[in-house]
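Good morning, and thank you for making time for this presentation.

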Amino acid sequence: MKRVEHIDLTPPGTEDVRHDLTRDELTIITAPVYGGRIPVTAIERLKSLRADGTPAVLVVVYGNRAYEDALLELKDLATGLGFKAVAGAAFIGEHSYSTPDTPIATGRPDEADLEKARTFGACTRT
Ligand SMILES: Cc1cc2nc3c(=O)[nH]c(=O)nc-3n(C[C@H](O)[C@H](O)[C@H](O)COP(=O)(O)O)c2cc1C
């Protein structure tokens, strides 16, 4: 039987709760892109994860400007925490600063984005 556990690191204080992942727990790690990087707060919270050669699928979400070094930074962070990166992707979401007057990636993810995400998920399924 397959079991899925969600670890939500968005609430404040979650960095204080340690999570140990075993090597047979495929882990999907996601983070937003701020200034082409992983936000410092996200890094602090992700450091609550400890892995033991655990396979990790790494995903960053950006607002259609550029994700620059964010995916590489997430890989380096995950590797330092004991994960083994097996796949990575960057997906587009509407930019946080998008407004009706200055639209940036409005409506993203759209159906084509979601189809790409489904294809990526199917490719990385173990
Ligand atoms: C402070 C800040 C910096 C951002 N920098 C980038 C960036 O460098 N490139 C980009 O494409 N999107 C950038 N974005 C857009 C976010 O990556 C995008 O909107 C993402 O979906 C935000 O996820 P969140 O709502 O979980 O924070 C930035 C957003 C914020 C708030």
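This is a predicted model: local features need pLDDT of at least 70, side-chain atom pairs count only at pLDDT 80 or more; totals for chains, interfaces and linings use all residues.

Where is Thr 102 found? Thr 102 sits in the loop between strand 5 (83-92) and helix 3; here helices (H or I, at least four residues) and strands (E, at least two) are DSSP runs, numbered from the N terminus.

Residues are numbered from 1 along each chain as its sequence is written, and side-chain values use heavy atoms, with hydrogens and water left out.

Let me start with the overall fold. The protein chain comprises 3 helices and 5 strands, arranged along the sequence as β-β-α-β-β-α-β-α. Its C-alpha trace spans about 45 × 30 × 25 Å along the principal axes. For 126 residues, a compact globule would have a radius of gyration near 14 Å, and the 15 Å of the protein chain agrees with that; the radius is taken over C-alpha atoms, and the globule rule is 2.2 Å times the number of residues to the power 0.38.

Of the 126 residues, 35% are buried, where buried means under 20% relative accessible area, exposed over 50%, and partly exposed in between (1.4 Å probe, protein chains only). The accessible surface of the protein chain is about 8,300 Å², with 54% of it belonging to carbon and sulfur atoms; these areas come from the Shrake-Rupley method with a 1.4 Å probe, and for residues only the protein chains shown count as cover. Among contacts between residues at least 6 apart in sequence, 76% join residues at least 24 apart, a contact meaning heavy atoms within 4.5 Å.

I turn now to empty space. Rolling a probe the size of a water molecule over the atoms shows where empty space is left. On a 1 Å grid over the protein atoms alone, a cavity is a set of points where a 1.4 Å probe fits but cannot get out, and a pocket is an open set with protein on both sides within 12 Å along at least five of seven lines; lining residues have an atom within 4 Å of a point. Grid points are joined across faces, edges and corners, and a volume is the space filled by probe spheres set on the points.

What is the volume of the largest pocket? The value is about 1,400 Å³. Its lining has 38 residues, and those closest to the centre are Glu 5, Leu 26, Thr 27, Ile 28 and Ile 29. Strand 2 (27-32), helix 1 (40-46), strand 4 (54-62) and helix 3 (111-124) each give two or more residues to this lining. By class, the lining has 21 nonpolar, 8 polar and 9 charged residues, with Ala, Val, Leu, Ile, Met, Phe, Trp, Tyr, Cys and Pro counted as nonpolar, Asp, Glu, Lys and Arg as charged, and the others, Gly among them, as polar.

The second largest pocket has a volume of about 290 Å³. Val 33, Tyr 34, Gly 63, His 95 and Ser 96 lie nearest its centre, out of 15 lining residues.

There is 1 cavity of 30 Å³ or more. The lining of the largest cavity consists of Ile 29, Leu 46, Leu 49, Leu 74, Leu 77, Ala 78 and Leu 81, and helix 2 (residues 70-80) supplies the largest share, 3 residues. This lining has 7 nonpolar residues, with no polar and no charged ones.

Some individual residues deserve attention. Is Arg 45 buried or exposed? Arg 45, in helix 1, is buried, with a relative accessible area of 13%. Beyond its sequence neighbours within four places, Arg 45 contacts Leu 9, Thr 10, Pro 11, Pro 12, Thr 14 and Glu 15. Ser 48, in the loop between helix 1 and strand 3 (49-51), is buried at 4%.

Finally, the backbone. A cis peptide bond, with omega about 0°, joins Arg 108 and Pro 109. Ala 105 has a positive phi near 55° and is buried at 13%. Glu 68, in the loop between strand 4 and helix 2, has a positive phi near 40° and is partly exposed at 47%.
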